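Morning, everyone. Please have a look at the screen, and then I'll walk you through it.

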Amino acid sequence: VVQGIFSNICSIYCFHQQFLLPALQKRMEEWDSSPRIGDILQKLAPFLKMYGEYVKNFDRAMELVNIWMERSAPFKAIVQEIQREERCGNLTLQHHMLEPVQRIPRYELLLKDYLHRLPEDAPDHRDAQKSLELIATAAEHSNAAIRKMERMRKLLKVYELLGGEEDIVNPTNELIKEGHILKLSNKNGTTQDRYLILFNDRLLYCVPKLRLIGQKYSVRARIDVDGMETVSVAVPSRTFLVSGKQRSLELQAIQATIQRHEQSMESFRHLTCTLRDDESTCMELGKRAPTPIREKEVTLCMKCQEPFNSITKRRHHCKACGHVVCGKCSEFRARLSYDNNRTNRVCVDCYVTLVGASPSPGKQASLAAENSVICSFLHHMEKGGGRGWQKAWFVIPENEPLVLYVYGAPQVSRRHLGPYRRLRVLQPAQGF
């Protein structure tokens with residue numbers, strides 16, 4: 001296993017320790033009488049091809065390290081103990097294993113800079129030029145691998161950012177984008193600082209860890225790119241939805257990002273759902289995580305229309321459709337495929353759809369009327385004025401023109417939320 005991880009690193013080390021480094025040190029001591037290094041490098045440069053074997057083996061070496069870190073507790077303990085030593089500079093084993101891969105490009109850059117500063121008539125110019133050609137030849141064997149290593153370095157950086165808790169150091173993984181973003185809470189609509197990391201196969205939704213030194217994050221959710229959709233939300237908060245099989249998120253980006261997103265939406269419109277008005281076309285029930293409705297926008301159960309309170313009538317989210325319902329209307333359990341087929345709390349309607357069994361008649365939900373004579377925002381005050389003026393969405397339905405309904409928000413009615421209250425029976429009057 002050790003041989004498979006470190007390949008021919010012992011031979012490379014011996015070459016530097018016994019030949020290249022002593023020759024360069026001796027030449028530095030004799031620099032006044034012999035100011036040249038080209039002859040040394042020209043003589044020893046062909047041996048640098050031994051790096052090719054190490055570079056070609058690097059992917060397998062990374063895989064072996066990951067396998068044995070998981071398989072063997074003693075192996076993991078030894079590696080972690082060594083990494084804590086001061087001479088390791090707080091870097092992981094994988095970081096140190098990257099150094100030999102970058103050695104030949106560094107020699108190449110060194111010689112280019114040396115030749116740039118060296119006069120063309122200098123005695124060492126010819127040998128240095130020949131040395132550069134030999135080192136460039138050695139570098140050709142590992143250029144493709146070096147590009148892979150740069151991607152691996154990015155993966156290692158993210159790996160350390162996550163505290164080494166996420167298995168992402170894999171040659172098949174490619175880091176696409178990472179950065180801070182604001183996530184809107186489903187409960188009260190407040191913004192929360194989050195960190196997103198997008199790979200070629202998954203999106204990691206991360207939250208900050210409380211640390212005194214150095215920012216670290218923990219992974220709250222993993223969303224597969226396969227089946228992921230992004231949907232713009234045309235509301236003043238300028239948010240967009242990321243909908244995946246495992247979870248859906250409502251995110252708020254900076255204005256420039258939103259503008260770029262809006263410009264690209266025309267090109268990718270055929271790949272995404274246009275709006276969430278018709279959710280049946282955007283989501284298969286139970287197979288994709290729903291986008292929950294914010295609790296503050298809902299004042300009563302979306303199934304039985306009973307008002308919520310903090311003691312006896314609390315809010316719950318249906319894990320299948322995302323609607324806000326009371327405990328009585330969400331006392332059902334159904335297996336959801338997006339959550340590894342585990343049982344989750346679901347509402348009465350989703351239970352019927354997913355399980356096929358009808359609940360008791362008392363739990364059937366009546367839907368509020370969608371078509372209205374007139375609707376608008378108004379401010380209203382409860383009797384006694386204890387809570388002051390509150391903004392709400394008022395609707396007079398076409399099928400009940402003498403009844404005024406109050407909703408928490410306009411989208412509530414569009415999501416089939418029953419009325420907050422039948423405010424009063426309206427008497428026909430002149431001018432109404």
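Let's start with a word we need: buried means under 20% relative accessible area, exposed means over 50%, and partly exposed lies in between, with a 1.4 Å probe and protein chains only as cover. Next, helices are DSSP runs of H or I with at least four residues, strands are runs of E with at least two, and both are numbered from the N terminus.

Two notes on the source. This is a predicted model, where local features need pLDDT of at least 70 and side-chain atom pairs need pLDDT 80 or more, while totals for chains, interfaces and linings use all residues. Residues are numbered from 1 along each chain as its sequence is written, and side-chain values use heavy atoms, with hydrogens and water left out.

Now helix 6. Which of its residues are buried? In helix 6, residues 73-83, they are F75, V79 and Q83. They fall within an arc of 70° seen down the axis, so they line one face of the helix. That arc is taken from the directions from the helix axis to the C-beta atoms. Here is the general point: an α-helix has 3.6 residues a turn, so residues three or four places apart point the same way.

What sits on the face turned away from the buried side? There we find the exposed residues A73, P74, I78 and E81. The cover over the buried residues includes helix 1 (2-6), helix 5 (58-71) and helix 7 (93-98). At the N-terminal end, S72 caps helix 6, with a side-chain oxygen 3.2 Å from the backbone nitrogen of F75.

Step back to the whole chain. It has 14 helices and 15 strands. Of its 432 residues, 43% are buried. Contact means heavy atoms within 4.5 Å. Among contacts with a separation of 6 or more, 50% are between residues 24 or more positions apart.

Take one case, Y159 in helix 10 (residues 143-161). Beyond residues up to four places away in sequence, Y159 touches G164, E166, I168 and V169. Y159 and V169 are ten residues apart in sequence, and their C-alpha atoms are 7.0 Å apart.

On to charges. A salt bridge is a side-chain nitrogen of Lys or Arg within 4 Å of a carboxyl oxygen of Asp or Glu. How many are there by this rule? The count is eight. One of them joins R27 and D39, with the closest N and O atoms 3.0 Å apart. This pair links distant parts of the chain: R27 is in helix 2 (residues 9-29) and D39 in helix 3 (residues 38-44), twelve residues apart. R27 is buried at 13% relative accessible area, while D39 is partly exposed at 27%. R106 and E99 also form a salt bridge, again with closest N and O atoms 3.0 Å apart.

Now E108 in helix 8 (residues 103-117). E108 is buried, yet it has no salt bridge; K112, the nearest side chain of opposite charge, is 4.0 Å away. For charge, Lys and Arg count as positive, Asp and Glu as negative, and His and the chain ends are not counted. Beyond neighbours within four places in sequence, E108 contacts L132, I135, A136 and A139.

Last, two loop residues. N90 sits between helix 6 and helix 7. N90 is not a glycine, yet its phi is positive, about 60°. N340 lies between strand 10 (332-336) and strand 11 (342-346). Its phi is also positive, about 55°. N90 is exposed at 71% relative accessibility, and N340 is exposed at 61%.

Terms used: Polar contact = N/O pair within 3.5 Å; in protein donor to acceptor, adjacent residues only side chain to side chain.
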